[in-house]
Amino acid sequence: MDELLPLLPVLDQYKSDARMIVQLKDEVRNLSLLLLAIQEEMGAYDYEELQQRVLILEERLHACMQKLGCGKLTGVSNPITIRASGSRFGSWMTDTMTPSSDSRVWFMDGYYRGRRVLEYRSVNDFMKGQNFVQHLLPHAWAGTGHVVYNGSLYYNKYQSNIIVKYHFRSRSVLVQRNLNSAGYNNTFPYSWGGFSDIDLMTDENGLWAVYTTNQNAGNIVISRLEPQTLEILQTWDTGYPKRSAGESFMICGTLYVTNSHLAGAKIYFAYYTNSSSYEYTDIPFHNQYSHISMLDYNPRERVLYTWNNGHQVLYNVTLFHVIKTSGEL
């Protein structure tokens with residue numbers, strides 16, 4: 001008995017632990033039921049339906065941005081040199097459809113047969129040439145008319161009129177599509193050459209391709225593309241000869257064309273897709289380094305990205321805003 005008496009407190013502790021285990025068992029059972037209910041609730045949602053709802057919301061957001069912020073280009077600032085790197089020709093860009101907190105920069109040196117894309121963590125890292133990862137594309141590119149849109153790179157496949165959509169996160173090609181009748185391999189380039197037959201770009205209205213065909217006698221054609229499938233949604237013939245253009249870019253559904261890639265260039269021509277009309281313009285454009293081989297507008301930042309003779313340059317733009325009040329946002 002003397003040896004057993006000290007075990008009484010231990011037995012009491014066991015009884016207490018047993019009660020706690022029963023309580024824990026009940027809590028686990030309740031949690032299991034709760035998780036099962038959540039699983040059943042989540043299963044009621046169709047992934048494709050949710051994705052479609054997200055796409056519709058994104059389209060409405062872009063429509064609101066267009067109505068509240070779109071306008072006619074009236075001026076371009078003096079150039080702001082970000083960095084001098086790479087060869088004479090190339091392209092650099094940020095994503096046009098990511099939150100402002102995402103400031104990654106993509107860098108593609110050269111205008112043909114390149115496959116190496118450098119992704120910098122931020123603009124500051126790009127300026128310092130540090131903190132980057134490399135993507136090796138499965139197909140070489142042609143020209144400098146590439147664009148990064150919603151996490152994917154859109155570019156012209158070398159020696160073809162095929163557009164490739166390459167997804168950075170999965171490091172895979174999501175879709176390829178032939179741009180019917182579009183010239184390639186320096187058939188209809190800009191005035192500087194460089195296999196710049198097909199120029200992909202974005203603005204507040206989405207994804208565009210600027211190119212030309214034999215049927216259009218070498219005049220610039222604009223096609224609005226569906227970003228997921230790369231199908232052509234609508235096409236316009238501007239009547240402007242592509243070989244006479246230095247470069248071009250889209251802002252708010254309007255194509256702006258420079259009359260040269262060399263010093264003394266100006267923004268000379270504007271084509272309005274909303275009215276299928278055009279006008280000649282006279283907007284000064286300071287070409288600091290005398291040889292532009294890439295010029296693109298970023299609707300998120302409202303700036304022009306330029307590759308100018310081995311220099312990566314930005315321009316701020318001035319838009320004449322017209323607030324639309326009719327229709328639903």
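This is a predicted model: local features need pLDDT of at least 70, side-chain atom pairs count only at pLDDT 80 or more; totals for chains, interfaces and linings use all residues.
I started with Arg104, which comes out as partly exposed at 25% relative accessibility (buried is under 20% relative accessible area, exposed over 50%, partly exposed in between, with a 1.4 Å probe and protein chains only). Residues are numbered from 1 along each chain as its sequence is written, and side-chain values use heavy atoms, with hydrogens and water left out.

Next I looked up the partners of Arg104. Asp102 makes a salt bridge with Arg104 at 2.9 Å, N to O (a side-chain nitrogen of Lys or Arg within 4 Å of a carboxyl oxygen of Asp or Glu). I have Asp102 down as buried, at 17% relative accessible area.

Arg104 also forms a salt bridge with Glu119, with 3.3 Å between the closest N and O atoms. Arg104 sits in the loop between strand E3 (90–93) and strand E4 (105–109), while Glu119 is in strand E5 (residues 116–120), 15 residues apart (strands are DSSP runs of at least two residues, numbered from the N terminus). Glu119 counts as buried at 13%. Shared partners put Asp102, Arg104 and Glu119 in one network.

Then I moved to Lys72, which has a salt bridge to Glu279, closest N and O atoms 2.9 Å apart. Lys72 is in strand E1 (residues 71–76) and Glu279 in strand E18 (residues 277–284), so this pair ties together parts 207 residues apart in sequence. I noted both ends as partly exposed: Lys72 at 39%, Glu279 at 27%.

Last entry: I get 7 salt bridges by this rule.

Note on methods
Helices (H or I, at least four residues) and strands (E, at least two) are DSSP runs, numbered from the N terminus.
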